[in-house]
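This report describes the fold of one protein, its nonpolar core and its salt bridges. Please keep the sequence and the structure in view while reading.

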Amino acid sequence: MGQEADKSGYELREEKAGTVKIADDVVAMIAALAATEVDGVAAMAGNLTNELLSRAGVRGLSRGSKVDVSGKKVKVELAIAMEYGYNIPATCQKVQAKVKSAIENMTGLEVQDVNIRIAGINVSKEK
């Protein structure tokens, strides 16, 4: 099985069955979904453009998540909004572990870094 990368995704070459190509956006979506499954993470934070597009009905599932796939290695950058009252360092460690595990299990890629930026705190009193 050979493996090649290009700028838009990662390609797995199966000699008998053909090829499977994983788009970078898919890896970013996996990272974003894994991050939001951790208690204390309110949401992925997007930029103003993403916020406007989501209000207009265009929804970017990977917003707040950026990946750099180089060969078989991945670097992930996440921007998240946290719930008020959670320990930021402990929650971020859980997010890093969850994202790394999800990407490696689902794609076979090796995660080098999971960098997190806390972009906001959700202070809603609904609990």
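A residue is called buried when its relative accessible area is under 20%, and exposed when that area is over 50%. Ser 65 has a relative accessibility of 13%, and therefore counts as buried. The model examined here is a predicted one.

**Overall arrangement**

The protein contains three helices and seven strands. Starting at the N terminus, these elements follow the order β-β-β-α-β-α-β-β-α-β. Of its 127 residues, 32% count as buried. When contacts between residues at least 6 apart in sequence are considered, 60% of them join residues at least 24 apart. The protein exposes about 8100 Å², of which carbon and sulfur atoms supply 49%.

Helix 1 comprises residues 24-36 and reaches 19 Å from its first C-alpha to its last, close to the expected 18 Å. Its buried residues include Val 27, Ala 28, Ile 30 and Ala 31.

In soluble globular proteins, nonpolar side chains tend to be buried together. The largest nonpolar core of this model has 27 residues, and Val 76, Leu 78, Val 99 and Ile 103 have the most contacts inside it. Several elements give two or more residues to this core, among them strand 5, strand 6 and helix 3. Helix 1 gives the most, with seven residues.

The side chain of Ser 65 reaches the backbone oxygen of Ala 28 at 3.0 Å. Beyond residues up to four places away in sequence, Ser 65 touches Ala 28, Ala 31, Ala 32, Met 44, Glu 77 and Leu 78.

**Salt bridges**

The whole structure holds three salt bridges.

| Pair | Closest N and O atoms |
|---|---|
| Glu 37 and Lys 98 | 3.1 Å |
| Lys 73 and Glu 110 | 3.1 Å |
| Lys 100 and Glu 104 | 3.0 Å |

Glu 37 lies in the loop between helix 1 and strand 4 and Lys 98 lies in helix 3, so this pair ties together parts 61 residues apart in sequence. Glu 37 is exposed, with a relative accessible area of 54%, whereas Lys 98 is partly exposed at 34%.

Lys 73 in strand 6 and Glu 110 in strand 7 tie together parts 37 residues apart in sequence. Lys 100 and Glu 104 are four residues apart in helix 3, so about one helical turn separates them.

Terms used
Residues are numbered from 1 along each chain as its sequence is written. This is a predicted model: local features need pLDDT of at least 70, side-chain atom pairs count only at pLDDT 80 or more; totals for chains, interfaces and linings use all residues. Side-chain values use heavy atoms; hydrogens and water are left out. The expected span of a helix is 1.5 Å times one less than its number of residues. Buried means under 20% relative accessible area, exposed over 50%, partly exposed in between (1.4 Å probe, protein chains only). A nonpolar core is a set of buried Ala, Val, Leu, Ile, Met, Phe, Trp, Tyr and Cys residues joined through side-chain atoms within 4.5 Å. A polar contact is a pair of N or O atoms within 3.5 Å; within protein, one must be able to donate a hydrogen and the other to accept it, and residues adjacent in sequence count only if both atoms are side-chain atoms. Contact means heavy atoms within 4.5 Å. Accessible areas come from the Shrake-Rupley method with a 1.4 Å probe; for residues, only the protein chains shown count as cover. A salt bridge is a side-chain nitrogen of Lys or Arg within 4 Å of a carboxyl oxygen of Asp or Glu.
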